[in-house]
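Here are some friendly notes to read alongside the structure.

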Amino acid sequence: MKKSYFQFQAQQTQEFARHREAEAEKETTRVRGRLFERVTLHPLDYAAVAMSLLNLKNRCDKTNNFPDDQFSKLPDEILVSIVSLMPLKEASQTSILSHRWRYLRTFTNGSLDFDCSALLNLLGIEKYCEKRKGWVNGVLRLHQGSTIDELRACSVVSDKNFTLDIENWLSFLLRKKVKRFALECKGLRNCDYQQYTLTDQFLCNYGLDSLTVLCLTYVQVTEKALLYVLSNCPFLEVLSVECLDSLQNLKPSGPLVGLRNVAISTSYYAHVARILLGNVPNLVEASYAGLYAFFLLRERDQMPSYLSLLETLSLVLTWQRISQFSRFPILRNLRHLNLTLLVMDVKSLLGCTSLLVAFPILHRFVVDLMG
Amino acid sequence: MASSSTSVVVSNKEKENKNTKKVTLKSSDGESFEVDESVAMESQTIKHIIEDGCANNEIPLPNVTSGILSRVIEYCKKHKEAAGESEPSVTSYTSNSTTNPLTEWDTEFVKVDQNTLFDLILAANYLDIKGLLDLTCKTVADMMKGKTPQEIRETFHIKNDYTPEEEAEVRKENQWAFE
C-alpha cells in the first residue's frame, strides 16, 4: 500500500512517540524510589516535538544554504562592489564567510589602504617590517582585478629589502594602471634607516598615463624622475613630494595642463635652487615649506604667474622668516591660507596683518603654531 | 499617450504649466506606473529602451515587483528634482568629500528591512541606476563593517560551508587580516 508522505511522517511520529513513552515508563520506574517524581509527557506532546524536529531537518537539507541567505539573490559582481566599499582588513575577513566569498575581495578595483601606523605602535621594528611586507605582498599577490584605483601606504619603515619591496609594489601598480598612489615612509624618529629613492630609470619602464594623483612623503625623488613624471602623466592632477633632502632645479619643458594641486617641500635646511613650473593654467592649490617658501615670498615681484591663480596656499615657515617681510606678494584669487609657523618664542601675531593686505579676498586663514 | 509638446522640466514651479512627456512602467505583478520621461531616464536601461524607440506602450519590467518599483521611482523623482535645483559641486582632492544635499533623505530611504534592501539592489542593478546601486551597496557594506564574520553570517543568514581544514587554510592565506 502506497503511503502518502504525510502519512509516513505521522507513522514515524507515532512510532517515535511510542518509543518515548516506553522510555519514559522505564525512567519513571527507575526513579520511583527517589524522593521526587518525574513527570512524563503525554505521547501527543512528544509527537509535536518530533514533528517540528523532522520539519527543521528537512528544510535545512533541501538547499545547500539556509533558505534565507540574502546574498544568494545577488550576482557576484555586486558582492565584489560591496566588499570593495569596506576597509581592507574587514574586506579580507569576508573570505571566511563561505566558499562563495573566498576570493571575491581579490577582484576589487577600488582602493587599497595600508595604514601601517597601528601596526608600528604594537610591534617592535623587526616584527613590524616582516608583517608589513607580508601584508602588502599577500594582498597584492592575490589581487585579480584588472585595475587598481588607489593605493595608500603610510608609516612604511625600511628594512634591508625595502627598495626591492617598494619597486615590486610600484611595478605591480603601474601595470595595473593605478590612478592614485600615496606613500609615506616616515616611521620612527631618530631611526637610522635608508630612504627609498625614486629614479627615472625605474619609471621609464612603465606607462604612467593612468596616474592622476601622486603623493610621496619622505621618499627621495631625483629631479629627472620628477621631470619624467611631469612630462609623461598627461592627467596628473595632484603632485605632492614632501620632505625631500634636496631639490636643485625643477623646470619642466611643457605646460602642465591637468595639474591642480602641487605640494613641494624639503627638510628645513636643505638647499633648494629654483622651481620653475612654467605654464600651469589650472593650479588652484599649492603647498610650500622650508627655504623654498621663504624664497618664494621674498621675490614677490618676480613671482611665477601661475601662483596668482591660486585659491588655497599652505606655507610652513619659521616665525623669524615671516616677520622679516613687510610686504607680501599679492594673490588676488586666494581664499584659503594655511600658515604653519615654527616658533620658539612669539609675542604677537601682528606681523601677519601684512599678509591680510596682500590677499584681498581671503576667506579663511588658519594658523598652526608648532613649538 | 505622448503629448504633442515636449519640454524638459526645469524647476518645480514650472511643472504645472508645461506639458511633460510621460512613460508607463509595468511591474512584474501587473501594476502600471506613469512617470515623467525625464525621471524614468535616470535608469540607463529605460533610457536605452526609449532612445531605441521601443517604448510605444508600456515598458514591462519583469524583474521588478510593484512595491520595489514604486520605491525606485520615488528615489529617481527626488534625485531628479535635486539635480535640477543645485549646481554641480566642485570637489577638492584634499577635502575628500562631496556635498550631497540629499544625504539625510537617502539615509532615511534605505532604512528598510533586509529583503527590501536586497531587492532594491537587484532592481538598481537591472535598471542601471548608479546612484541607487551605490547607495544600497554602501548600506550593506556599512551593515557588515565592525562585525566579526560569525556576526555577519548571523545577520545575513549565510551558511558556513567550509570544512575545518579549509577554514584553517583560508585563515592562513589572509593571516594578517585575522590577527
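Predicted model: local features only at pLDDT ≥ 70, side-chain atom pairs only at ≥ 80, totals over all residues.

1. B:K47 has a relative accessible area of 25%, so it counts as partly exposed. Its partner in a salt bridge is B:E51, with N and O 3.5 Å apart. B:E51 is also partly exposed, at 48%.

2. B:K138 and B:D142 form a salt bridge, their closest N and O atoms being 3.3 Å apart. Here too the spacing is 4 residues, so about one helical turn lies between B:K138 and B:D142. B:K138 is partly exposed at 35% relative accessible area, and B:D142 is partly exposed at 37%.

3. Over all chains, the count comes to 14 salt bridges. One of them joins A:R100 to A:D76, with 2.9 Å between the closest N and O atoms. A:R100 lies in the loop between helix 4 (88–93) and strand 1 (111–115) of chain A, while A:D76 belongs to helix 3 of chain A, so the pair ties together parts that are 24 residues apart in sequence. A:R100 is partly exposed, at 31% relative accessibility, and A:D76 is partly exposed at 38%.

4. Now to the place where the chains meet. How many residues of chain B are in contact with chain A? There are 42, and they touch 42 residues of chain A. The size of an interface is often given as the accessible area lost when the parts come together. Between chain B and chain A, the buried area is about 3900 Å², with carbon and sulfur atoms giving 62% of it.

5. Polar pairing also features across this interface: 16 residue pairs are in polar contact, both residues being at pLDDT 80 or more. On the chain B side, helix 6 (114–127), helix 7 (130–144), helix 8 (149–156) and helix 9 (164–173) each supply at least two of the residues that touch chain A. Helix 6 of chain B gives the most, with 7 residues. By type, the side of chain B that touches chain A divides into 19 nonpolar, 10 polar and 13 charged residues.

6. Side chains of opposite charge can pair when their charged atoms come close. Between chain B and chain A the count is 3 salt bridges. Among them is the one in which A:R102 meets B:E169, at 3.2 Å from N to O.

7. Two backbone angles in chain B may be worth a look. B:D128 is not a glycine, yet its phi is positive, at about 55 degrees; its place is the loop between helix 6 and helix 7 of chain B. B:H157 likewise has a positive phi, near 60 degrees, in a residue other than glycine, and is found in the loop between helix 8 and helix 9 of chain B. B:D128 counts as partly exposed at 38% relative accessibility, and B:H157 as partly exposed at 32%.

8. Last, a word on confidence in chain A. Its pLDDT averages 73, and 70% of the residues score at least 70. Where is confidence lowest and where is it highest in chain A? The lowest is helix 2 (residues 43–62) of chain A, at a mean of 52, and the highest is helix 3 (residues 76–84) of chain A, at 89. Over residues 33–38 of chain A, pLDDT stays under 50, and the model has 4 contacts beyond four places in sequence for them. Residues 57–65 of chain A also stay under 50, with 6 such contacts.

Conventions:
Residues numbered from 1 in each chain as written. Chains lettered and ligands numbered in written order. Heavy atoms only, no water. Contact = heavy atoms within 4.5 Å. Buried area = accessible area lost by both parts, 1.4 Å probe. Salt bridge = Lys/Arg side-chain N within 4 Å of Asp/Glu carboxyl O. Polar contact = N/O pair within 3.5 Å; in protein donor to acceptor, adjacent residues only side chain to side chain. Nonpolar A, V, L, I, M, F, W, Y, C, P; charged D, E, K, R; others polar. pLDDT = per-residue confidence, 0-100. Buried < 20%, exposed > 50% of the residue type's maximum accessible area, 1.4 Å probe, protein only.
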